[in-house]
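Subject: Structure handover

Hello,

I am passing this structure on to you, with notes on what was found in it. Please have the model open while you read.

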Amino acid sequence: MFKRWLLALVARVGLIVLGLCCCLSLFYLLACKPASHSSQQSLLWSRGTTSKEGYMALLQEREDSHRHYINSLTKQIGQLKEALQDRTQQLQETLDKAKTKGILPLGLESLHKAPTQSDLKDFFRSQLNQAEVNSGVKLPSEYAVIPFDTFNLQRVYQLETGLTRHPEERPVRKDRRDELIGTVETALHALNGPQQHTDRTRRKHTYSPSDFIEGLTRTEKGKGTVYELMFKGNSSQDFTQLLLFRPFGPVMKVKSESIDTSNTLINIIVPLSKRADAFRQFISNFREVCIKQDGRVHLTVVYFGRDQIERVKATLDQTTRETRFRSFTLIQLNEEFSRGRGLEVGARAWRRSQNVLLFFCDVDVHFTADFLTSCRLYAEPGKKVYYPVLFSQYNPSVIYSNQTLLPSVQQQLVIRRETGFWRDFGFGMTCQYRSDFMNIGGFDRSIKGWGLEDVHLYRKYLHSKLIVIRSPSRGLFHLWHEKNCADELPPDKYKMCMQTKAMSEASHGQLGELFFKPEIEAHLNSQKQKNRRT
């Protein structure tokens with residue numbers, strides 16, 4: 001009885017394999033069917049290009065597009081075959097165990113029913129629905145967050161640095177490199193494929209790898225890998241976002257949409273107390289990035305106390321005179337400094353009807369125009385909030401102790417293991433829409449002084465249905481400054497402050513060199529004496 005059932009089961013598996021191969025072959029032939037190119041032909045006619053060279057160029061372009069598309073399909077077919085072989089091998093091992101024990105293992109009853117192509121699609125859709133792609137998932141704490149990796153065509157910016165311990169690097173492992181390159185190729189094929197003429201977001205020319213800006217990726221165990229890719233649009237302020245999902249199988253397209261950021265204003269809120277010199281340095285970067293390059297920002301400064309307020313006003317007045325920039329607000333509070341209180345006041349002070357995008361910033365943070373673009377792309381009202389991980393600088397006097405003069409601030413903005421670290425324990429820098437901030441309840445107003453207010457807000461979003469985009473940003477830096485931990489802080493906050501101070505001073509190896517400096521110098525002196533004797 002068991003042998004007869006086993007032969008029938010093997011026959012059904014063979015029929016399934018044959019059916020899948022036929023479906024894939026049919027899909028392959030349909031996908032390679034040439035599409036209409038009336039727009040390109042009309043363009044050639046309008047220019048009067050009826051020569052043989054014009055037709056040959058058009059044929060060559062379409063041939064290249066189809067060749068890339070065929071390569072993508074070939075890869076996907078190979079992936080399906082490998083997955084099918086693995087499942088067949090697992091089935092054979094299970095049946096061998098069943099034959100040995102003389103029983104039918106639990107879970108194999110469903111094999112009596114041959115799966116269809118619709119069953120496979122339903123499975124992929126179920127994986128997609130379980131993953132945190134279209135909506136957020138309630139999480140218990142910040143430790144349950146799976147951070148995204150940021151990547152472009154040259155580098156991967158990652159929190160999980162692995163054995164290399166490099167915060168940014170070229171993908172070393174071939175499988176990782178092939179995965180990212182293959183994903184970008186799949187995205188290009190989806191944008192340039194034969195069905196692109198039905199897409200409203202279609203551009204006037206073909207997408208190429210040079211149009212790819214950057215992407216986010218993360219893998220959720222038991223579900224799949226999500227890729228969020230950004231491409232250039234028809235203008236400098238238009239972008240195309242492509243969301244892909246790999247449910248432990250071929251990458252599947254989720255959606256493709258055009259994002260217009262030309263009217264997206266960012267309200268940069270900076271809480272401040274004293275530190276007029278640091279504010280002047282902040283304004284220097286603000287003038288270069290926000291006024292000269294971007295031009296779609298509003299600056300809100302919430303100042304605590306009266307000491308040095310005149311110097312802050314003078315810096316803003318000078319900026320207005322020299323740049324004619326007037327889109328800023330200065331709010332003075334005669335009370336004890338509280339970062340959460342300052343950001344809350346700055347967010348609520350917005351009186352325009354527009355649902356503005358907020359960027360909670362500090363005076364010691366240096367950002368680039370690329371970061372402002374990421375801020376606009378990765379925050380979406382009612383759906384997503386952006387929590388970038390900034391790169392924190394070590395003490396320049398320690399890093400560049402062997403140089404006579406310290407490099408300029410711009411020259412110090414280098415992402416290396418020796419120059420700083422990803423501040424993955426900090427949640428203070430964030431981009432979120434004012435409506436989301438107000439709906440979530442804002443900051444905990446009972447927190448005074450330094451720390452914890454940002455963590456509490458972060459946890460509120462984790463407990464909500466919004467998607468939290470947590471990824472390292474290559475355009476956001478925390479400039480080193482002397483950190484003083486006040487004696488008035490309670491023990492838990494004082495401990496956090498001292499830990500942050502220690503981590504921000506230098507790398508583990510550099511601190512070791514400072515700690516063992518006498519021994520190192522003694523060793524060098526002994527070596528010099530030995531060399532002199534010889």
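This is a predicted model: local features need pLDDT of at least 70, side-chain atom pairs count only at pLDDT 80 or more; totals for chains, interfaces and linings use all residues.

Seven strands make up an open antiparallel sheet, and their order is β3-β2-β1-β4-β5-β6-β7. The edges are held by β3 (168-169) and β7 (252-260); each has a single partner strand, so one side of each is left without a neighbour in the sheet.

At the β3 end, β2 (residues 156-157) runs antiparallel to β3 and is joined to it by two bridges. Here Y157 is found opposite E168 of β3.

As for cover, eight of the nine residues of β6 (residues 238-246) are buried.

The cysteines

The model has two disulfides. One of them joins C375 to C431, with an S to S distance of 2.1 Å. Since C375 belongs to helix α9 (residues 369-378) and C431 to strand β15 (residues 430-433), this pair ties together parts that lie 56 residues apart in sequence. The torsion about its S-S bond is about -120°, so the disulfide is left-handed. C375 is buried at 0% relative accessible area, and C431 is buried at 0% too.

The other disulfide joins C485 to C497, also at 2.1 Å from S to S. Its S-S torsion is about -90°, so this disulfide is left-handed. C485 sits in the loop between β16 (467-478) and α14 (491-505), while C497 is in helix α14, twelve residues apart. C485 counts as buried at 13% relative accessibility, and C497 is buried at 3%.

Counting bonded cysteines along the chain, the disulfide pattern is 1-2, 3-4. C290 is in no disulfide.

The surface patch

F515, F516, I520 and L524 form a nonpolar patch on the surface, and together they have about 410 Å² of accessible area. F515 belongs to helix α15 (residues 508-515) and counts as exposed, at 64% relative accessibility.

Regards

Notes. Residues are numbered from 1 along each chain as its sequence is written. Side-chain values use heavy atoms; hydrogens and water are left out. Patches are made of residues with over 30% relative accessible area and no salt bridge: like charges are joined within 9 Å, nonpolar side chains (Val, Leu, Ile, Met, Phe, Trp, Tyr) within 5 Å. Accessible areas come from the Shrake-Rupley method with a 1.4 Å probe; for residues, only the protein chains shown count as cover. A salt bridge is a side-chain nitrogen of Lys or Arg within 4 Å of a carboxyl oxygen of Asp or Glu. Helices (H or I, at least four residues) and strands (E, at least two) are DSSP runs, numbered from the N terminus. Buried means under 20% relative accessible area, exposed over 50%, partly exposed in between (1.4 Å probe, protein chains only). Two strands pair if DSSP finds at least two bridges between them. A disulfide is a pair of cysteine sulfur atoms within 2.5 Å.
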